[in-house]
Amino acid sequence: MDFREHQDNARKNSRIIWVLYVLLLLFSSFLIGWTFVVGLNLAELYQPGYEQYSFWEKFSLSNAFIFNSNIRQLETLAGFSATAFIVQGLATLIGFFKKSNGHKVALAFNGELITEDNADELGAKQALNIVTEQALAANIPTPSFYLIPEEGINAFAAGKKAENAIVAITHGALVHFNRAELSGVIAHEIGHIVNQDIKLNIQISAFVFGFTALFFLARFIFYSAIHNRRMDMRAKLFMFVAAVIIAIIGMLTVWMGRILQAAMSRQREYLADASAVQFTRYPEGLVQAFEVLKNGKKSTKMENPSSKEYAHAMMFGIGGELFATHPPLDERIKRIQNNS
Amino acid sequence: MDFILQNWLTILIFAIVVIWAIGIYNKLVSYKTQYQNGFEQISVQLKRRLDLIGNLVDAAKKYMEHEKETLMAVTQARSGLLNATQAAEKNPGDVNAMATLATSQVTLDSAMGGFNLKMEDYPDLKASENMQQLSEEITTTENRIAAARQGYNDLVQKFNEYKKSFPTVMLAGMFGFGDNAKNLEFSESIEQLNEAPKNLFG
């Protein structure tokens, strides 16, 4: 496997996905602003005196008002769009600065910290050694190592900074993988740490959270419309419709955002696979680990309820979700074995 | 004052170029320090391995009293490697030091190979719990050395690639980064190197 080429490819795709995110954010902000201004214009046109026009004529007139160099209208449009942009942006920023301590994540899964002192079993000791070996190959400080008491086969890395990063594997993984396979799996997790995938995923989740802020905006408008005693029925109706439309825009945006999130997650999985090959220089190890899963029909399912939240960070997909966070095993094997 | 105002564009361009050059210099320094540190990592692992082999020989001595030659070969190869490592550390860029380091490692590995063959005649030693734990220790040490070497080579590659790329290549010589970093190479048979650790315990 020409891992550097695969890494470059994955990184390029990640950049494309980021650009798509920003475009989505800009577009949804604009769409909201536009909804507002057209709504206001329509409200005007539904006053007495314009009954001769049909709805569609009123609609196109509303648009014409905005876009025929009417400064005030354009200013209003810009104002609403900017507001929508800022609301989503703020919600995203909160996510960007969210701290993520790797140890807390591992403990949420009832993970046990394995160190030189308490690694009595040969298997645990081997796993601990493997973590050190791969960290050396990756030129990072050795992450802490946790063992998760689950029988499903899985592994994950957590922690935003290299200093508080951890690698965890399930008991199932420890039992079913041999040394070479485990090396591939752990190298893959260390690849996630090196490529800052944990930080990246927090940022992307923040983006999607920003889109959900639109929902809250819609709700706010809806409730303030209903409870405002001084507004007349017509205005209230438009507020209500505006809220519904914004909610729909919000839903679509969140939906698109989640698709992009899954796409990004898949790219980073390919990147981590390529990094694993770089560190172990032994592609067969990782391939065999995939084969163990495929052929043995062993489960990757984890019982712990926290697992859904961290599905993206796992080694193997844990459910037949519509928005798959992991590429199919066959595709992953194919990429590793291609050219090698 | 007039001078600045009249030539503000030239001065601005000059300032940008200076800042950019500083950035390049700092990156070169950073990458070079990284690969030098990477080499230190290898030494750490090599020393660990030397110590471990010491333990191995001690454990084996009690069982293999009649195999003085084999044990002697291992001990001597071990000291040879110790010296070569120290020499290479002092001059990481020296091609001869690197070559001697490589040869010494091959010597130790073939001595270990001989030791391993003898071990087959001592099933008690092989099965002892001590030996199993030591076996894992030695496996991980070999792997750590390989990992450290590889990590080092990757850092060397990162430095060389950056140094040779445009536009850094124009400034690198001027900044004192004329020499390329050297990858670790082993002129002797690579197969021998790879095989010895695997055969260590059958």
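The model I examined is predicted.

**Entry 1: domains of chain A.** I looked up the division of chain A and found domain 1 (3-98 + 198-267) and domain 2 (102-196 + 277-323). I then listed the contacts across the two: 10 residues of domain 1 of chain A are in contact with 11 residues of domain 2 of chain A. On the domain 1 side, I noted that helix H8 (197-227) and helix H9 (233-280) of chain A are the elements that give two or more residues. H8(A) gives the most to this side, with 5 residues. By residue class, I recorded 6 nonpolar, 2 polar and 2 charged on the domain 1 side.

**Entry 2: helix H7 of chain A.** I checked the length of helix H7 (residues 179-194) of chain A. At 1.5 Å a residue, its 16 residues should span 22 Å, and the end C-alpha atoms are 22 Å apart, so the two agree. I also looked up burial and found H7(A) mostly covered, with 14 of its 16 residues buried. After H7(A) comes Gln196(A), for which I noted a positive phi, near 55°.

**Entry 3: chain B against chain A.** I found 12 residues of chain B in contact with 12 residues of chain A. On the chain B side, helix H2 (8-63) and helix H6 (129-164) of chain B are the elements that give two or more residues. I noted that H6(B) supplies the largest share of that side, 10 residues. The chain B residues that touch chain A divide into 3 nonpolar, 6 polar and 3 charged.

Key: Residues are numbered from 1 along each chain as its sequence is written. Chains are lettered from A and ligands numbered from 1 in the order in which they are written. This is a predicted model: local features need pLDDT of at least 70, side-chain atom pairs count only at pLDDT 80 or more; totals for chains, interfaces and linings use all residues. Two residues are in contact if their C-beta atoms, placed from the backbone, lie within 7 Å. Helices (H or I, at least four residues) and strands (E, at least two) are DSSP runs, numbered from the N terminus. Ala, Val, Leu, Ile, Met, Phe, Trp, Tyr, Cys and Pro count as nonpolar, Asp, Glu, Lys and Arg as charged, and the others, Gly among them, as polar. The expected span of a helix is 1.5 Å times one less than its number of residues. A residue is buried if 20 or more other C-beta atoms lie within 10 Å of its own, exposed if 12 or fewer, and partly exposed in between; C-beta atoms are placed from the backbone. Domain bounds come from an automatic or database domain assignment.
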